[in-house]
Amino acid sequence: MLLKRYAGNLLLLILLFLLLAFFFLGDVFVPKAIDFSDYPMLHSVFVVFLGLFLESIPFLFLGAIASSFIQLFISEEIIQRMIPKRPLTAIFAAIAAALIIPVCECAIIPVVRRLIQKGVPVHAGVVLLVTAPILNVIVFGSTYYAFQNNPSILYGRIILCVLTAIIAGLFIHIFSTKDVVKEDKLELVQGHEHDIQSSKWTSFIDHTSQEFFMVGRYFIIGALFASVFQVFMDRSVMADIGQAPIKGTALMMGIAFVLSLCSSADAFVAASFSHSFLPGSILGFLVFGPMLDLKNVLIMMSCFKRSFVVTYVLLIFAVVFSLCLIAGGLISKGGFR
């Protein structure tokens with residue numbers, strides 16, 4: 001029974017180690033008769049995928065640790081005392097909490113799922129999903145460095161993030177149900193028995209590994225699709241519509257969704273598009289990408305019910321798209337400076 005429980009995770013771990021070994025030691029151990037020079041695009045896909053993988057895995061692991069800590073060491077009573085009763089106050093409390101939660105867009109999803117299970121209101125959890133990937137020191141610094149000559153992008157990114165969180169939080173509070181989290185079958189079957197038989201720290205390690213591999217398998221699928229798109233994307237097509245506010249913003253949001261870049265580094269990619277796209281479109285890339293991308297949607301599908309995920313995706317797209325069009329007009333008139 002124990003072997004069956006860990007077989008899938010162990011196999012995934014072995015495959016990941018083989019992947020890394022092939023990348024770093026392939027030139028030594030792969031026979032010279034096998035020539036990969038005929039497949040340069042395949043090699044590029046692999047390099048981009050490994051870059052996404054190595055960049056995000058530490059944050060996924062950090063998120064799994066945070067989720068396990070919340071599950072085992074923070075009681076429902078503590079969380080309920082921390083969250084204000086009034087919906088609007090809870091939204092601003094969640095925004096403040098995002099400033100100190102040390103996780104990115106990949107890792108925040110299991111953390112929010114665990115918080116909602118512990119009693120945090122769904123709309124406050126949505127605010128954390130929206131703000132945590134953007135409102136942190138690392139993202140502030142990278143965005144400032146990438147856009148030193150255009151500080152309106154930095155200010156616009158922060159302002160639009162906060163506005164999106166408030167609008168989305170209020171919408172979810174009014175229209176969404178409280179039952180949005182998928183049942184964790186592993187937790188339902190093993191929870192109480194495991195807590196009795198193991199110490200809390202043993203449970204912490206076990207829960208962290210389970211959480212990490214559950215989220216990790218969905219991340220790998222999303223990162224693979226993002227790598228393929230990033231390699232085969234034709235940039236000449238984008239130049240034709242980059243100066244159209246509506247089409248340019250929609251395109252940049254779509255690119256951000258598929259590329260699935262980490263919010264700590266996406267500003268440098270956005271800066272490479274700044275000569276071809278308007279500021280509003282650049283903000284669409286910087287604001288929408290950390291809130292929603294391909295791998296995150298797959299991770300959300302593993303943590304939340306499908307109806308909630310669909311509502312969240314449509315809501316965030318509509319709000320960010322509208323705000324970016326408004327922000328683009330304001331920046332063109334000298335705003336955010």
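1. **Helices α15 and α16.** In this predicted model, helix α15 (residues 294–303) and helix α16 (residues 306–332) cross at roughly 150°. Their axes come within 8 Å. The crossing of α15 with α16 is right-handed. From α15, the contact draws on Val 297, Met 300 and Met 301. These meet Arg 306, Phe 308, Val 309, Tyr 312 and Val 313 in α16. By class, the contact of α15 with α16 holds seven nonpolar residues, one charged residue and no polar ones.

2. **Helices α6 and α8.** Helix α6 (residues 122–131) packs on helix α8 (residues 151–175) at an angle of about 155°. The two axes lie 8 Å apart. The pair α6 and α8 is therefore roughly antiparallel, since angles over 145 degrees count that way. The handedness of this crossing is right-handed.

3. **Residues between α6 and α8.** The α6 side supplies Val 122, His 123, Val 126, Val 127, Val 130 and Thr 131. The α8 side supplies Cys 161, Thr 164, Ala 165, Ala 168, Gly 169, Ile 172 and His 173. The contact of α6 with α8 divides into eight nonpolar and five polar residues, with no charged ones.

4. Is Cys 161 buried or exposed? Cys 161 counts as buried because its relative accessibility is 0%, and the cut-off for buried is under 20%. Cys 161 is also one of the α8 residues that meet α6. Cys 303 has a relative accessible area of 0%, so Cys 303 is buried as well. A search of the whole structure turns up zero disulfides.

5. **Helix α5.** How many of the ten residues of helix α5 (residues 108–117) are buried? The count is nine, so the helix is mostly covered. The buried set comprises Ile 108, Ile 109, Pro 110, Val 111, Val 112, Arg 113, Arg 114, Leu 115 and Ile 116. Note that Arg 113 and Arg 114 are on that list. After α5 comes Gly 119, with a positive phi near 120°.

6. **Ala 256.** This residue sits in helix α12 (residues 245–259). Ala 256 has a relative accessible area of 5%, so Ala 256 is buried. Leaving aside residues up to four places away in sequence, Ala 256 touches Phe 285, Gly 289 and Asp 293. What is the C-alpha to C-alpha distance between Ala 256 and Gly 289? It is 4.7 Å, although Ala 256 and Gly 289 are 33 residues apart in sequence.

7. **Tyr 145.** Helix α7 (residues 137–146) contains Tyr 145. Tyr 145 counts as exposed because its relative accessibility is 55%, and the cut-off for exposed is over 50%. The C-alpha atoms of Tyr 145 and Phe 268 are separated by 8.5 Å. Along the chain, Tyr 145 and Phe 268 are 123 residues apart.

8. **Whole chain.** The secondary structure comes to 16 helices and zero strands. Of the 337 residues, 47% count as buried. Take the contacts between residues at least 6 apart in sequence: 86% of them join residues at least 24 apart.

Key. Residues are numbered from 1 along each chain as its sequence is written. This is a predicted model: local features need pLDDT of at least 70, side-chain atom pairs count only at pLDDT 80 or more; totals for chains, interfaces and linings use all residues. Side-chain values use heavy atoms; hydrogens and water are left out. Axes are lines fitted to C-alpha atoms, for helices over the stretch in contact, and angles run from 0 to 180 degrees between N-to-C directions. Helices (H or I, at least four residues) and strands (E, at least two) are DSSP runs, numbered from the N terminus. Angles under 35 degrees count as roughly parallel, over 145 as roughly antiparallel, 65 to 115 as roughly perpendicular and the rest as oblique. A crossing is left-handed if the near helix is turned anticlockwise from the far one by less than a right angle, and right-handed if clockwise. Contact means heavy atoms within 4.5 Å. Ala, Val, Leu, Ile, Met, Phe, Trp, Tyr, Cys and Pro count as nonpolar, Asp, Glu, Lys and Arg as charged, and the others, Gly among them, as polar. A disulfide is a pair of cysteine sulfur atoms within 2.5 Å. Buried means under 20% relative accessible area, exposed over 50%, partly exposed in between (1.4 Å probe, protein chains only).
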